[in-house]
Amino acid sequence: MEFKHKVIQDMWWALKSPSLFYELPSYPHTYLVQQGILGEDPQVYKSTLSKWDQDPSELHEFIGQGIKRLGIYFERLIACFVHFHPDFELVLQNHKVQEPKRTIGELDLVYKYLPENRLVHLEIAVKFYLGHGELEQWSNWYGPNPIDRLDLKMDKLLNKQSLMSQHPSLISLWSDLGFNQPESHILLKGCLYYPEEAYESGSSQPKFISTDHLQRPWKDVSSVERENTWYILPRLSWIGNVASIGDDYDLLRMQDGLQKPLQVVRFGERGGLVDRMFLVPHKWKRKISEGI
């Protein structure tokens, strides 16, 4: 581990991990952040993160306690970085976009990049999808909750969320800040989990996926050797690296039966990480085959 505290480790992962997509031919004007905040090499921030790592109490206070949802935690990591780094100014966070009598959406983050006087609207997502069926098709990549699909998320990001800053109700707000409107960026991180055979062969991948995207296997729980000891990885630990068994890692009890896909880890005799994957119950695959 390059940093002592988990919040800094996770922030570093958020900055340096590859995007799931770098560019999409049908959306040439949509900027997908590859790394860092604006596409810059995140190494330029290591010294700042090392300084924060000495005492991250202010960062913990900004992010807040008791967060259960990984997406919220990931958003706050990015907002926290922008808030405390001197090159950036946090302008808006989770700002609701409203029409008379209704809210139509919200902006994840709006910030200024001070060295270049740029105003950026950033939509943020971290996703973990399991492929099943024809892997080139986005519609065949499912979240642990199979209602969540890659094609649906990309449609929402590209055709709604990233365009929200263009809403007429925000024109005066951007004008007051000295801009016509902000640049629209998407920061999409995460990992794709391939069926074991496809993971080993690398023969089929989703269309336009980044060549260096994070990837791991998933297995049907019935195919896993029962004598191995697996630990359930807590949701907020799905991002970042796993170096050792955490205090909040529950032992996976195979005899209880698996009710939903779980991200699990296995360690060797000396404590080092041996495997990290999703284990999937048969009923999850049945739901998908039956169209949920």
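**Strands, salt bridges and a helix pair**

Mentor: Start with Leu-130, which sits in strand β4. Helices (H or I, at least four residues) and strands (E, at least two) are DSSP runs, numbered from the N terminus. This is a predicted model, where local features need pLDDT of at least 70, side-chain atom pairs count only at pLDDT 80 or more, and totals for chains, interfaces and linings use all residues. Residues are numbered from 1 along each chain as its sequence is written, and side-chain values use heavy atoms, with hydrogens and water left out.

Trainee: Is Leu-130 buried or exposed?

Mentor: Leu-130 is buried, at 0% relative accessibility. Buried means under 20% relative accessible area, exposed over 50%, partly exposed in between (1.4 Å probe, protein chains only).

Trainee: What is Leu-130 in contact with, leaving aside neighbours within four places in sequence?

Mentor: Asn-140, Trp-141, Tyr-142, Pro-144, Tyr-193, Trp-218, Phe-278, Val-280 and Trp-284. Contact means heavy atoms within 4.5 Å.

Trainee: And how far is Leu-130 from Pro-261?

Mentor: In space, 9.5 Å, C-alpha to C-alpha. In sequence they are 131 residues apart.

Trainee: On to the strands. How does β4 pair with β6?

Mentor: In the parallel sense, over eleven bridges. β4 covers residues 118-131. Tyr-129 stands opposite Leu-192 in β6. Two strands pair if DSSP finds at least two bridges between them.

Trainee: Which way does β1 pair with β6?

Mentor: β1 (residues 31-32) pairs with β6 in the parallel sense, over two bridges. Leu-32 faces Ile-186 there.

Trainee: What about β6 and β7?

Mentor: Parallel sense again, over four bridges, with β7 at residues 215-220. Pro-195 has Trp-218 in β7 as its bridge partner.

Trainee: New topic. How many salt bridges are there?

Mentor: The count is eleven. A salt bridge is a side-chain nitrogen of Lys or Arg within 4 Å of a carboxyl oxygen of Asp or Glu.

Trainee: Which residue does Glu-106 meet in a salt bridge?

Mentor: Lys-96, at 3.8 Å, N to O. Glu-106 is in strand β3 (residues 102-113) and Lys-96 in strand β2 (residues 88-99), ten residues apart. Glu-106 is partly exposed at 27% relative accessibility. Lys-96 is partly exposed too, with a relative accessible area of 49%.

Trainee: What is the partner of Arg-102?

Mentor: Glu-99, with the closest N and O atoms 2.8 Å apart. Glu-99 is partly exposed, at 28%.

Trainee: And Lys-127?

Mentor: Lys-127 forms a salt bridge with Asp-148, the closest N and O atoms being 3.1 Å apart. Lys-127 lies in β4 and Asp-148 in the loop between β5 (141-142) and α5 (150-159), so the pair ties together parts 21 residues apart in sequence. Lys-127 is buried at 18%, whereas Asp-148 is partly exposed at 24%. Elsewhere, salt bridges that share partners join Glu-116, Arg-118 and Glu-183 into one network.

Trainee: Last one, the helices. At what angle do α1 and α2 cross?

Mentor: Roughly 165°, and the axes come within 10 Å. Axes are lines fitted to C-alpha atoms, for helices over the stretch in contact, with angles from 0 to 180 degrees between N-to-C directions.

Trainee: Which residues make the contact?

Mentor: Ile-8, Met-11, Trp-12 and Leu-15 from α1, with Lys-46, Leu-49, Trp-52 and Asp-53 from α2.
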